Amino acid sequence: MSNEAVVMKNVCKDFKVLNRHEGLKGSIQDLFSRDYKTVSAVKDVTLTVNRGEIIGYLGPNGAGKSTTIKMMTGVLEPTSGELLVNGKVPYKNRTENCENIGVVFGQRSQLWWSLPLIESFKLLRDLYMVPEKDYEEMIELYRSLVDIEPILHKPVRQMSLGQRTLSDILAAFLHNPAIVFLDEPTIGLDVSMKAKIRELILGLNKEKNTTVILTTHDMGDVDALCRRIIIIDEGTKIYDNDIEHLKNYFGSYRTLKIRRTDDTWEEYLIDEKTTDVMDVIMEKQKEKKIKDVKILEISTEEVIKKIYEGGAR
Amino acid sequence: MQKRGLIFYARMYRKILVQDLKSKMSYRADFVISTFGMIMTNLSGFVTFLILFRNFPTINGWDYYHMLFLYGFSLVALTPVQCFFDNNWNLRFMVQSGDFIKYCFRPVNVFFYFISEVFDVKGLGQLAFGIGTIVYAWVHIGIPVTPLVIVKLIVYLLTASLFMIALMNFAAATCFWIKGSGYVMVIMFRFKDFAKYPASIFSGIFKVIFTFIIPIAFIAYYPSLVILQPGNVPPLSWISPLFGIVFVYLSYKFWMLGVRKYDFTGS
């Protein structure tokens, strides 16, 4: 097997959308009109994901992340360009592609709602034709990584959101796929569950060398899991490199935190190239008394925010 | 790589079914109520039918017991669609909410994976009712019981059920293109009521529609003629199994086309 898990070359995806007209007259017009406009969800994206990598695939809502993932999983066909997943064209070999990927899509459980987790696992084992030995090994690995006993015999519908997400992630790795797609896996979870899930993903990635493509809005996920991130906005790739590199790019930025005498914190993002931090502090000091001051490196969260706002373009 | 053939799918279906039944049993109240509901529905339909045909002794040459036979025949023929293809009713909700996409992530046929998820036990009550009605009518009409007739009965019952399965597949798959597909399904499902009457009572244009366009005449009328009028079977009845297979195949293709054409927008 080659070293590339995913190769995308100049991939575009257009959707045809009916032009809607306003008002009652417009609605009647819409009934008969074939007035379509083309919306480009993904524009000319080229990228490569190597085996064993954990990639943070980021972008604001509606940037084209889900569309990209749907193309990689073989659900959608690219309008143009070349897309290979595990060396194959996913849309043309959907079932074959599905054998080598695992998917967790947001808060939607893919497990059988009324079955205990272990029964779902057994059905998945049969669906993916996983040899008994590999299956047992995987369950053992799960046992060593998380405490699965409490959820193993629980029907999915009775689980908490955290348990369900955990179950879905375990189910996605069960057939030892080459690539796992995780779409906002930690959305809506509490802090300890988030940590648990991140640990699990890291552990599975390390043990099985599984490529993980992660979309998230939680920069905690990115900090904990990804070394490399790809950012897409309005369908175009705007960043593809290490996180560290990105932080260096914004290296002159500092987060200034000021505590007032009434114990409220104020935050300012300052570019040292253009503004002097001390000047800002002095200025703030004039406004109101300052009790404490902290100067921090820019956080990933703020870096991403900057980029979404157009900082890197 | 191993191939997933018919045996794989049959075995998989059985496993999913067993699990599904196990979990259904765990909701005992739900199980009892839905079974009770099904019996009542059938009973009321049956009583209406009795009252109606007690008063009109023959319809277009069809007497009371022949009508009963047709009625029972259509009930049995509706069982497979009720039991095995019930998830079609959920399709439009899944498609609209975006949940449908989960069926596309498994290395198995999407239609199979979707349909296998639900087995509706309620259909079994209908099956028992239908068989009872057929037997009752059979005895009164006095059709000879030979192995050949039994085989014919089974073959043509299966044929009839194929048409209903295909109709519901077509109706459900419209949701990939239009929003109001619920109406299409309800209308199709209502049409099945016409199947309980001999198609010969419909005149001209309706007969053509119900034979070739929305082929509900095949759900009971044409197939049952093989048993009811063994001396005078129209050619359409003989070839109905072939029609049924082609029709189901087309409906499956239509369904899968919907999956491929659908945009899966939003996340």
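**Strand pairing and burial**

Analyst: To begin, β3(A) and strand β7 (residues 211-215) of chain A are paired in the parallel sense, over four bridges. The model is a predicted one.

User: Which residue of β7(A) stands opposite A:I55?

Analyst: The two strands, β3(A) and β7(A), run parallel. Within that pair, the residue opposite A:I55 is A:I213.

User: How many bridges join β3(A) to β8(A), and what is the bridge partner of A:Y57 there?

Analyst: Strand β8 (residues 228-233) of chain A is joined to β3(A) in parallel, by four bridges. In β8(A), A:Y57 has as its bridge partner A:I230.

User: Is β3(A) largely enclosed or largely in the open?

Analyst: Strand β3 covers residues 54-58 of chain A. A:I54, A:G56 and A:L58 point one way, A:I55 and A:Y57 the other way, and all are buried. In a regular strand, side chains alternate between the two faces of the sheet. Five of the five residues of β3(A) are buried, so the strand is largely enclosed by the rest of the structure.

User: And β12(A): enclosed or in the open?

Analyst: Strand β12 spans residues 290-297 of chain A and has eight residues. The number buried is zero, so β12(A) lies largely in the open.

User: What is the bridge partner of A:R254 in β12(A)?

Analyst: Strand β10 (residues 253-260) of chain A pairs with β12(A). The sense is antiparallel, over seven bridges. A:R254 has its bridge partner in β12(A), and that residue is A:E297.

User: Which residue of β4(A) stands opposite A:M8?

Analyst: Strand β1 (residues 4-18) of chain A runs antiparallel to β4(A), and five bridges join them. In β4(A), the residue opposite A:M8 is A:L83.

**Positive phi**

User: Is A:E184 buried or exposed?

Analyst: A:E184 lies in the loop between β6 (179-183) and α8 (191-208) of chain A. Its phi is positive, about 45 degrees, although A:E184 is not a glycine. A:E184 has 20 C-beta neighbours inside 10 Å, so it counts as buried.

User: And A:N209, buried or exposed?

Analyst: A:N209 sits in the loop between α8 and β7 of chain A. Its phi is also positive, about 55 degrees, and A:N209 is not a glycine. With 12 C-beta neighbours inside 10 Å, A:N209 counts as exposed.

**Chains and domains**

User: How far apart are the C-alpha centres of the domains of chain A?

Analyst: The domain assignment gives domain 1 (4-243) and domain 2 (252-297). Along its principal axes, the C-alpha trace of chain A spans about 70 × 60 × 45 Å. The C-alpha centres of domain 1 and domain 2 lie apart by 40 Å.

User: What percentage of the residues of chain A count as buried?

Analyst: Chain A has 12 helices and 12 strands. Of its contacts with a separation of 6 or more, 71% are between residues 24 or more positions apart. Of the 313 residues of chain A, the share that count as buried is 37%.

User: Which element gives the largest share of the side of chain A that touches chain B?

Analyst: In all, 25 residues of chain A contact 18 residues of chain B. The elements of chain A that give two or more residues to that side are α2 (65-72), α3 (94-99), β5 (101-105) and α4 (117-127). The residues on that side divide into 13 nonpolar, six polar and six charged. The largest share, four residues, comes from α4(A).

User: Does α2(B) lie largely enclosed or largely in the open?

Analyst: Helix α2 (residues 28-55) of chain B reaches 41 Å from its first C-alpha to its last, close to the 40 Å expected at 1.5 Å a residue. Of its 28 residues, the number buried is one, so α2(B) lies largely in the open.

Note on methods. Residues numbered from 1 in each chain as written. Chains lettered and ligands numbered in written order. Predicted model: local features only at pLDDT ≥ 70, side-chain atom pairs only at ≥ 80, totals over all residues. Contact = placed C-beta atoms within 7 Å. Nonpolar A, V, L, I, M, F, W, Y, C, P; charged D, E, K, R; others polar. Domains from an automatic or database assignment. Pairing = 2+ DSSP bridges. Expected span 1.5 Å × (residues − 1).
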